[in-house]
Amino acid sequence: NTTFQKMVTAMANYDLFNTRINAYGETTRERTVNIAKEDIAKNLYDHPNLRDVKIDGKYGKLVVISKDRTGKSLKDVKQILSLPGETFNVGQYVEFANQIWLIHQADVDDEIYVDGQMTLCPNILKFQDVTGKIHHYPYFVDTSLPSLDINKMTITSDTTRKIKLPFDEITREFFIGKRFMGEVVGEKPQCWKITDVDVESERGLMILTQEKDEFNKDKDSLTNGICDYFEVTTPIIPSETIKIVYSGKPE
């Protein structure tokens, strides 16, 4: 009986030990990763750089850092980290410090946390889709204009620029020649026309090359801030039953 009781006690202790060990995972690697997540989360929850934000309109938290890995201060760019077990993606908008930022870098290796960057979007791209609905997309201007063709270089100037914004079901409808209205300078709006659409260079982003274009008072709506503006017509639905008067038999 004594031997049997010792065996039962040993089995119970082993089961308890096994339960505690497997609480963090069944393999050594899985346990190491989960313990690391827990330790990082504990350290970050009280960290001054952990900030309340909105990601695509939903409340969340991000670690926001204003310096790069070399300690250099970043202008209009922030290094960001997610909490362990949480994530973010390229092309998402972040509401932080009463401004809109666009995530343009996000590490695909998100086993513990996601590391990335976001850039301030001080401008709004306003346009109509094919149904006439008006959309507002924050964007930022990319000052560098590299080309895959080493013999070709796009130069930034007052008449040419590149902008970055999310690539989604709405922006995928953009085409060469589509026009947008910018800021009004000297009572005359600055208009831009797409000359190139790049959705392959940076995952999740659309890069538009634009050139200055003339304001067309016959096509562009200064009131709505839309180039090539068109009115959306709503079909008139009769409010009363229509009576049909006929002669002869109903058949």
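Lys-164 counts as buried, at 7% relative accessibility, where buried means under 20% relative accessible area, exposed over 50% and partly exposed in between (1.4 Å probe, protein chains only). The model is predicted: local features need pLDDT of at least 70, side-chain atom pairs count only at pLDDT 80 or more, and totals for chains, interfaces and linings use all residues. Residues are numbered from 1 along each chain as its sequence is written, and side-chain values use heavy atoms, with hydrogens and water left out.

**Exercise 1.** Determine which residue meets Lys-164 in a salt bridge, and which parts of the chain the pair ties together.

*Solution.*
1. A salt bridge is defined as a side-chain nitrogen of Lys or Arg within 4 Å of a carboxyl oxygen of Asp or Glu.
2. The partner of Lys-164 is Glu-202, at 2.6 Å from N to O.
3. Lys-164 belongs to strand 9 (residues 160–166), whereas Glu-202 sits in the loop between strand 11 (188–198) and strand 12 (205–213), so the bridge ties together parts 38 residues apart in sequence. Strands (E, at least two residues) are DSSP runs, numbered from the N terminus.
4. Glu-202 is partly exposed, its relative accessible area being 23%.

**Exercise 2.** Describe the other surroundings of Lys-164.

*Solution.*
1. The side chain of Lys-164 makes a polar contact of 3.3 Å with the side chain of Asp-142. Such a contact is a pair of N or O atoms within 3.5 Å; within protein, one must be able to donate a hydrogen and the other to accept it, and residues adjacent in sequence count only if both atoms are side-chain atoms.
2. Leaving aside neighbours within four places in sequence, the residues in contact with Lys-164 include Leu-102, Tyr-139, Phe-140 and Ile-207; contact means heavy atoms within 4.5 Å.

**Exercise 3.** Find the salt-bridge partner of Arg-179 and state whether each residue of the pair is buried or partly exposed.

*Solution.*
1. Arg-179 forms a salt bridge with Asp-228, their closest N and O atoms being 3.1 Å apart.
2. This pair links distant parts of the chain, with Arg-179 in strand 10 (residues 179–185) and Asp-228 in the segment after strand 12, 49 residues apart.
3. Arg-179 is buried at 11% relative accessibility, while Asp-228 is partly exposed at 33%.
4. Both belong to a network of salt bridges that links Arg-179, Asp-213, Asp-220 and Asp-228.

**Exercise 4.** State how many salt bridges a search of the whole structure finds.

*Solution.* The search finds 10 salt bridges, including one between Glu-211 and Lys-193, with closest N and O atoms 3.8 Å apart.

Conventions
Helix = DSSP H or I, 4+ residues; strand = E, 2+ residues; numbered from the N terminus.
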